[in-house]
Amino acid sequence: MTAAVCDIRDPERVAEVFDAAQAAFGLPDVLVNNAAANFPSPAEDLSPNAWRAVVDITLTGTWLMTREFGRRHLAAGTGGSIVNIGASYAWTGGPGFAHSAAAKAGVKSLVETLAVEWGPYGIQINGLVPGLFPHADMTEDIRGGLERAAPGARDDRQPALRVGAPRELGWAATFLASPYARFITGHTLVVDGANWQRRSVVSPEVVPVRTQLGRGPFTPSP
């Protein structure tokens with residue numbers, strides 16, 4: 001086992017971390033792109049730096065890692081498997097998360113594009129979208145809203161009436177990266193107990209994002 005620090009926004013650092021992995025274990029057969037950045041904000045409040053911070057990590061970082069993996073396998077004439085962690089608002093949009101939703105839509109498009117480009121060379125690429133999976137290293141702001149969602153507890157806000165167990169997400173990722181899924185590529189698998197497909201028979205009242213986040217009226221910065 002080995003570990004290496006990497007700023008995935010920097011192509012030189014990305015190359016270095018692949019060098020370290022290849023020196024320790026040989027060319028990796030599997031790449032899982034899990035790094036992302038996110039925070040809730042009305043779109044009008046997002047500064048250029050806030051937008052770049054999320055998009056550079058979530059989309060550009062995923063691209064740079066994917067590109068390095070693909071180029072090394074193409075040069076070696078070997079196949080491999082990439083799993084990109086996505087989000088369901090890549091399809092639906094994400095009010096309150098315009099930066100992250102746009103980036104995740106880009107990640108989903110990369111999956112679909114590169115599956116065709118790299119399929120002839122034995123490189124498969126798929127997406128994996130987690131639902132609600134409480135885990136030990138959640139940030140405090142996320143943990144604060146999930147007291148109801150202890151693993152194994154009933155949760156009436158989910159169609160499956162429960163949240164996911166981390167091992168269930170692990171099983172899905174393992175499947176996508178395994179020989180059992182070798183003929184699956186360009187697909188994004190949602191593992192959330194159908195929560196993202198839930199619809200109300202009667203549409204709920206519209207509450208503006210600013211109101212949901214407890215923000216006052218928009219005031220342009222000087």
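What follows is a walk through the fold, from overall layout to a few single residues.

This is a predicted model, in which local features need pLDDT of at least 70 and side-chain atom pairs count only at pLDDT 80 or more, while totals for chains, interfaces and linings use all residues. Residues are numbered from 1 along each chain as its sequence is written, and side-chain values use heavy atoms, with hydrogens and water left out.

Let's start with the big picture. The protein has seven helices and four strands, where helices (H or I, at least four residues) and strands (E, at least two) are DSSP runs numbered from the N terminus. Read along the sequence, they follow the pattern α-β-α-β-α-α-β-α-α-β-α. The radius of gyration, taken over C-alpha atoms, is 19 Å, close to the 17 Å from the globule rule (2.2 Å times the number of residues to the power 0.38) for 222 residues, so the protein is as compact as a globular protein of that length. Its C-alpha trace spans about 55 × 45 × 35 Å along the principal axes. Of the 222 residues, 34% count as buried; buried means under 20% relative accessible area, exposed over 50%, and partly exposed in between, using a 1.4 Å probe and protein chains only.

Now zoom in on β1, residues 30-33. Strand β1 runs parallel to β2 (residues 80-85), and four bridges join them; for strands to pair, DSSP must find at least two bridges between them. Val32 has Val83 as its bridge partner in β2. Together with helix α2 (residues 48-76), β1 and β2 make a right-handed β-α-β unit, meaning that with the strands pointing away from the viewer, the path from the first strand over the helix to the second runs clockwise.

Staying on β2, look at Ser81. Ser81 is buried, at a relative accessible area of 1%. Its side chain reaches the backbone oxygen of Leu176 at 3.5 Å. Beyond residues up to four places away in sequence, Ser81 touches several others, including Asp29, Leu31, Phe69 and Arg182, contact here being heavy atoms within 4.5 Å.

Which residues touch the most other members of the largest nonpolar core? They are Phe18, Leu31, Met65, Phe69, Ile82 and Ile125, out of 16 residues in that core. A nonpolar core is a set of buried Ala, Val, Leu, Ile, Met, Phe, Trp, Tyr and Cys residues joined through side-chain atoms within 4.5 Å. Helices α1 (11-25), α2 and α4 (98-118) and strand β3 (123-130) each supply at least two of its residues, and the largest share, five residues, comes from α4. Apart from this core lies another, of eight residues, among them Phe133, Ala172, Leu176 and Val191.

Most residues other than glycine have a negative phi. Leu161, in the loop between α5 (140-144) and α6 (166-177), has a positive phi of about 65 degrees although it is not a glycine. Ala194, in the loop between β4 (188-191) and α7, also has a positive phi, near 70 degrees. Leu161 is partly exposed at 34% relative accessibility, and Ala194 is partly exposed with a relative accessible area of 34%.

How values were computed:
A polar contact is a pair of N or O atoms within 3.5 Å; within protein, one must be able to donate a hydrogen and the other to accept it, and residues adjacent in sequence count only if both atoms are side-chain atoms.
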